[in-house]
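Please open the structure in your viewer and keep the selection panel at hand.

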Amino acid sequence: MSSTAETPSADDRVVRLADVRKTYDLGGTVEALAGVSLALAAGSYTAVMGPSGSGKSTLLNLVGALDTPTEGRVTVAGHDVGRDSEAERAGIRGTEIGFVFQTFNLMPRLDAIENVALPLLFDDWPRERRRERTRELLSLVGLGDRRDHRPNELSGGQRQRVAIARALAPDPAVVLADEPTGNIDTETGAEIMGLLDDVNARGNTVLLVTHERTIAEHADRIVHIRDGLIESIEQLDGAGRNA
Amino acid sequence: MDASETLRMAGRSIRSHKLRSALTVIGVVIGIASVVTFASVGASVEADIVSEVGSSSASNVYVLPTPAGDDDGGPGFGGVSQPVFTEHDIDQLENTLGVRQVLPRGNVRVSALTHANDTISRNQITATTPASFPQDAIVDGRAFRSGAEEAVVSRSARQAFEENLSVGDRLSIESEDGNETTVDVVGVVNRTAGQLPFASFAGQPRFYVPTDPFYERTLESPAVGASQRAYPQLTVVADPARVSTVKGSVQNYLDGSDAAELKPESVELTAQTSGDFVEEIQKIVGQVTRFVTAIAVIALVVAAIGIANIMLVSVAERTREIGIMKAVGARNRDVMGLFLAEATILGAVGAVVGLPLGIAVSYGATIYAEVAFTPAYGWFAIAVAVGILVGVVAGLYPAWRAARVDPIDALRYE
């Protein structure tokens, strides 16, 4: 199962942050990240915990190639996020990163199948392959019978399943989940976390951002951050699978 | 994202706001339809005038005194009605190569015309020669004879009196000083050979009498040294194959003519062909058409503002969607393309609907105005191109705004 044994190189780390700093100029400099180094191994399952304002959103935006570091280096699947152009970063987001948001962020006027196909559309997949891929993914997340429903015709849990299918569509290097259960009830939340666990079990690298301990415990390790710095890294029982 | 997917996505968002999109498109439809209508009606009127002139007076060269220094005066509608051309001038012109006839034309001042106890007031009637009435212009009867107390009338003159005027009737002409002369009506015509182009448009009653004995304006001819009849206007009927040569010869002769000596300083003698008149008319109609069409273009500008406005609203409404698209891999140019495609579709649909509407309206207008419909194909192509262009131009700024949306902010946007 582990690929570490075969390729014990730096390439194995799909995401790397090396002494990353991010400052915002909001009428006075605010340091959101004050020197963070972190690597995510292929197939790993990492949770980031911290109070609001700790820098977890900034971390997520950097790994998600939505933002560039002020200092330091962020690489995702070999791409230097800080040095790539805006268009290149868009390309990275479309092919190497799968976002799962707290508020689902589905396109309201597109049905489930079109939402899942969206990253593939921007990556110029031919129509037939898009259809095949989206059907497969919707079946995987258990929505094979809801393909042509629009987001407003789906429950919160179903919407998040569509979002997970969309995140997986381009077979990304890393799936970024930002409080994925924050807008759904506990029972459904457990189902969604079960699905994310399955996604990781299938070999996908997952980075989970949450402030709930029970959610974070699904991961192999928990990175605690506070005031823009990593406070501690906690290995969990499930750890060792990729270590 | 490829072009067909971009168009498909853009089409979807237009359909999801049917009413809003339709109202925006109506603006473009009105703009395009007005441009097409005005351009087509203008082209039709112009073509109609040209064919009218071409058929009746193509081989005429008009010799008129016109105000000097008025280079742009063109046709002598505003000509000076001062008698300057003597009978000597007429003889000389008639002996010029390529000239078939020279038709003098002058006005006889009168005060009233009476037929069968019905008197109509009238300031002047036209004096000319029998050659003014070619066989194909005579509807009934014959041309008058020179020296006879006879008259020829236009078709519309038959209804000028309570009782219809027809060949064989008698017409009393009361001169300015109250003398009455009675003439026989010998013919009815639908035009005269010497008439100015477009004169038939007026369709008003006209009465013609022979210059001999009715025309009394005389001047002393410097060439002959005797008193002769003098006319304000001559029409030289040329051999159709030699119209331009004749025009040149006439112009040459005019420099040494009696008229050149008799005319006041402020007047120039000009020879103009029907073609010159047609050109002038085309110029005027063209100017009017362009002016009116330019006004219609304002409607297009308003339509463009409408599209820009609705696109800006759309960008604001869909900020979050733009963020989502960018998060899943849309490049700035993909986003720009989507919004630009949407605006372009609105413009193109407006053009495609506006064009046939404009054609239909202009067709109706030409029927109403009783002119032949001449489609302005060039303008049709321009209208469609402009419609699409309006969409593109109106969409540029909103699309640029959309492309610049920061995905981080947009995803937080509620």
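Two remarks on conventions are needed. This is a predicted model, in which local features need pLDDT of at least 70 and side-chain atom pairs count only at pLDDT 80 or more, while totals for chains, interfaces and linings use all residues. Residues are numbered from 1 along each chain as its sequence is written, chains are lettered from A and ligands numbered from 1 in the order in which they are written, and side-chain values use heavy atoms, with hydrogens and water left out.

**Stop 1**

Next, display α1 (56-63) of chain A and α12 (407-412) of chain B, each of which supplies at least two lining residues; helices are DSSP runs of H or I with at least four residues, strands are runs of E with at least two, and both are numbered from the N terminus. The largest share of the lining, 5 residues, comes from α1(A). By type, the lining comprises 8 nonpolar, 11 polar and 6 charged residues. Here Ala, Val, Leu, Ile, Met, Phe, Trp, Tyr, Cys and Pro count as nonpolar, Asp, Glu, Lys and Arg as charged, and the others, Gly among them, as polar.

**Stop 1: an annotated region and a helix within chain B**

Select residues 294-407 of chain B, which the unreviewed UniProt entry annotates as "domain: ABC3 transporter permease C-terminal". Such annotations may be inferred rather than shown by experiment; their positions are given in the numbering used here, and feature names are shortened. Over this range the chain is 86% helix and 0% strand, with its end C-alpha atoms 43 Å apart.

Now select α9(B), residues 319-327. Is this helix enclosed or open? Of its 9 residues, 9 are buried, so the helix is largely enclosed by the rest of the structure. Buried means under 20% relative accessible area, exposed over 50%, and partly exposed in between, with a 1.4 Å probe and protein chains only. Among the buried residues are Arg320(B), Glu321(B) and Lys326(B). Just after α9(B), Gly329(B) takes a positive phi of about 115°.

**Stop 2: aromatic pairs**

Over all chains, the structure holds 8 aromatic pairs. Rings of Phe, Tyr and Trp (its six-membered ring) pair if their centres lie within 6.5 Å; planes under 30 degrees apart count as stacked, over 60 as edge-to-face and the rest as tilted. Select Phe99(A) and Phe101(A), a stacked pair at 5.4 Å centre to centre with 5° between the planes. Both Phe99(A) and Phe101(A) are buried.

Then select Tyr377(B) and Phe380(B): their ring centres are 5.7 Å apart and their planes stand at 80°, so the pair is edge-to-face. The two are 3 residues apart in α11 (residues 377-403) of chain B, and therefore separated by about one helical turn. Tyr377(B) is exposed at 60% relative accessibility, whereas Phe380(B) is buried at 9%.

**Stop 3: strands of chain B**

Two strands pair if DSSP finds at least two bridges between them. Select β8(B), residues 170-175. β8(B) pairs with β3(B) in the antiparallel sense over 4 bridges, and Ala112(B) has Glu174(B) as its bridge partner. β8(B) also pairs antiparallel with β9(B), residues 180-189, over 5 bridges; there Leu171(B) is partnered by Val183(B). β8(B) and β9(B) form a hairpin with 4 residues between them, and Gly178(B) in the turn has a positive phi of about 95°.

**Stop 5**

Most residues other than glycine have a negative phi, and most peptide bonds are trans. Select Asn117(B), which has a positive phi of about 70° although it is not a glycine. Asn117(B) lies in the loop between β3 (99-115) and β4 (118-121) of chain B, and is exposed at 79% relative accessible area. Finally, select Asp212(B) and Pro213(B): the peptide bond from the former to the latter is cis, with omega near 15°. Pro213(B) lies in helix α5 (residues 211-214) of chain B.
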